[in-house]
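Colleague: I'd like to learn how to read salt bridges in a model. Can you walk me through some?

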Amino acid sequence: MPVAGRTRKDVVTEFREAEILQAARHVFAQKGFADASMEEIAQVAGLAKGTLYLYYPSKRELYRAALRAGLVELCEALEQAIGKAATLSAQLETYVTTKVAFCDENRDFFRIYLAEFGHAACGAMDPYFRDLSPRQSGLLEAAIREGLKGAGKGALAQEAAHAVSDLTRGVILRRLMGWSPEPRPEKEVAFVVEFAKKALGLK
C-alpha cells in the first residue's frame, strides 16, 4: 500500500538501510576502514552477511554510502536551521551551533569523516562527496553576502564563510580528540561566533 508516494517495501528498505549505515559508521569509527569487516558490520546491524551484500556489494561502497549519508544529514540540518534565522548574527550562531552539536551527537560519523577528509586539502577529495562541502559553505556564504550587502562588504563573503567554517572545524576536532577543556560546547561556540561577528563588523 503506497505511503506518501512510496510502497511499504520502500519504507522498510529505507529504514533497513539507515540501520545498516548507522552500524557501518560505528564499526568504521572503531576499527578504521582496513580493519573493519562486512561480517562485523552485518552482526552489529542484526542481519546476515549475505543480506548486507545485497544492499552494498563491497566494503568500500558501504563506507562511502555511510559517509555521504552523514554529510547529507548535516547539510539538511544546516539548511533548516539557517533558514529559520532572521539576521546574519543569528545565522552565524546557528551555523556554528548546529554543526558542533551534530558532531557531539554523531561522533562515530565525524571519526570516519576526519579519516577520509584529513587529506582533502591536498585535492584528494572523492568526487562522490565533492558537492557537499560547497553546499555547506555556500549556505554560510549566501547568508554573509546578503547580510553585508548594505555595508558594501559582500565581496568578503566567500573568505569569511571559509574562515568561520575552519574555526568551527577546529572546535569539532578538539572536542572529538578530547582536547577541549569544556564538557559542553557553549563557550567554544560563543567564542567563534563573537570572533566572526567582530571580524564582519556586526554588533
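Modeller: A salt bridge here is a side-chain nitrogen of Lys or Arg within 4 Å of a carboxyl oxygen of Asp or Glu. The general idea is that side chains of opposite charge can pair when their charged atoms come close. Keep in mind that this model is predicted.

Colleague: How many salt bridges does a search of the whole structure find?

Modeller: The search turns up 15 salt bridges. Take Glu40 and Lys31: their side chains meet in one, at 2.7 Å from N to O.

Colleague: Are Glu40 and Lys31 buried, exposed or partly exposed?

Modeller: Glu40 counts as partly exposed because its relative accessibility is 24%. Lys31 has 39%, so Lys31 is partly exposed too.

Colleague: Which residue forms a salt bridge with Arg68?

Modeller: That's Asp131, with the closest N and O atoms 3.1 Å apart. This pair links distant parts of the chain, 63 residues apart: Arg68 sits in helix α4, and Asp131 in the loop between α6 and α7. Asp131, at 40% relative accessibility, counts as partly exposed.

Colleague: Where are the partners Glu188 and Arg175 in the chain?

Modeller: Glu188 is in helix α9 (residues 186–200) and Arg175 is in helix α8 (residues 157–177), 13 residues apart. Their side chains meet in a salt bridge at 3.0 Å, N to O.

Colleague: And is that pair buried or exposed?

Modeller: Both Glu188 and Arg175 are buried.

Colleague: Which residues are linked with them in a network of salt bridges?

Modeller: Asp104, Arg107 and Arg174 join Arg175 and Glu188 in that network.

Notes: Residues numbered from 1 in each chain as written. Predicted model: local features only at pLDDT ≥ 70, side-chain atom pairs only at ≥ 80, totals over all residues. Heavy atoms only, no water. Buried < 20%, exposed > 50% of the residue type's maximum accessible area, 1.4 Å probe, protein only. Helix = DSSP H or I, 4+ residues; strand = E, 2+ residues; numbered from the N terminus.
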